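Hi there,

Here is the structure I promised to send over. Please have it open while you read my notes.

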Amino acid sequence: FPAESLFFSAQSPPATDTYGHLLKKYDNSRYLDRVVARQFAIGRYWEQKHRDSPHWPITPNIMDPERPLFDTLGYSLKAYESVRINDPTGPLADDSVMATANSYFVKGRYEDAAYYYDLLRKEYPKSEHQVQAHLLGLTSKEKMYQGPLYDGTPLEDAGEVADETLGQFSRELGDEHRTVVKTRSRIEDQKAQRDWAMGKFYERKKHYGAARYYYKLVIEDFPNTPHARAAQDRLEAIKDLPDKPPQHFKWLTDIYESSDQ
């Protein structure tokens, strides 16, 4: 078995290529368990190599025969992906997904990390990594959120993960329980801040009807946040103002409307 010989002689790059060729040629190989175990081990080894001595993906490796020529971390992730694709119900499938997610998380690539934490949460419900996938997935989604003027989807998703974490793993969380509760509260405050910011935006534009709409949302949906009290004050301040700003050039629009007719 040439691949095994390469593996045990610490020739990881040609070993993983040979394992890959074997799986392509014999997708139902009786050696599947052994092959994916070797691929996972190589992925782990390359990831550790990269952490100990990081290189840019385009920097060639000309000194270490145990590393790929380029992009050690990228090839590590490919090894993990091969494990999951070739043995999706095997004992290392969830480990490979978790390793991929963690690798992206450490690199600060939170969108990619969140994708793989979600994948593990949904596709491998019996995995031993479920609690950590929830906790780190929650952190990833919160870090993806860029503020009230940007897309609020990560914030909504983070709230759902927080609720799911508290609902399913309340006993398993231990000291992390308090952290998740605080995170959930912070998410609610950020959601309130989004609607508050929209209310202030429309108020500055003198679109008081739209401003009142968003201030009321803050009060109704987030009554226990500081923004709710502030929204109540703004509602009182603009209660008698018109829904829309006055049209100072109505005579001009009337001319165009009459010409169209």
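This is a predicted model: local features need pLDDT of at least 70, side-chain atom pairs count only at pLDDT 80 or more; totals for chains, interfaces and linings use all residues.

Residues are numbered from 1 along each chain as its sequence is written, and side-chain values use heavy atoms, with hydrogens and water left out.

**Salt bridges**

Counting a side-chain nitrogen of Lys or Arg within 4 Å of a carboxyl oxygen of Asp or Glu as a salt bridge, the total is 16. One of them joins Glu164 and Arg121, at 3.0 Å from N to O. Glu164 sits in helix α8 (residues 153-168) and Arg121 in helix α6 (residues 110-123), so this pair ties together parts that are 43 residues apart in sequence. Helices here are DSSP runs (H or I, at least four residues), numbered from the N terminus.

For accessibility, buried means under 20% relative accessible area, exposed over 50%, and partly exposed in between (1.4 Å probe, protein chains only). Arg121 is buried at 11%, whereas Glu164 is partly exposed at 28%.

Glu142 and Arg186 form another salt bridge, with their closest N and O atoms 2.7 Å apart. This pair links helix α7 (residues 130-144) to helix α9 (residues 176-204), across 44 residues. Glu142 is buried at 15%, and Arg186 is partly exposed at 38%.

There is also a salt-bridge network made up of Glu156, Asp163, Arg184, Glu188 and Lys191.

Met98 belongs to helix α5 (residues 93-106) and is buried, with a relative accessible area of 5%. Setting aside residues up to four places away in sequence, Met98 touches Tyr117, Leu120, His129, Gln132, Ala133 and Leu136; contact means heavy atoms within 4.5 Å.

Thr225 is in the loop between α10 (208-221) and α11 (226-237), and at 9% it is buried too. Beyond its neighbours within four places in sequence, Thr225 contacts Glu188, Asp189 and Ala192.

**A nonpolar patch**

Ile62, Met63, Leu69 and Phe70 make a nonpolar surface patch of about 490 Å². Patch residues have over 30% relative accessible area and no salt bridge, with nonpolar side chains (Val, Leu, Ile, Met, Phe, Trp, Tyr) joined within 5 Å and like charges within 9 Å; areas come from the Shrake-Rupley method with a 1.4 Å probe. Ile62 lies in the loop between α3 (32-52) and α4 (72-86) and is exposed at 72%.

Best wishes

Notes:
Helices (H or I, at least four residues) and strands (E, at least two) are DSSP runs, numbered from the N terminus.
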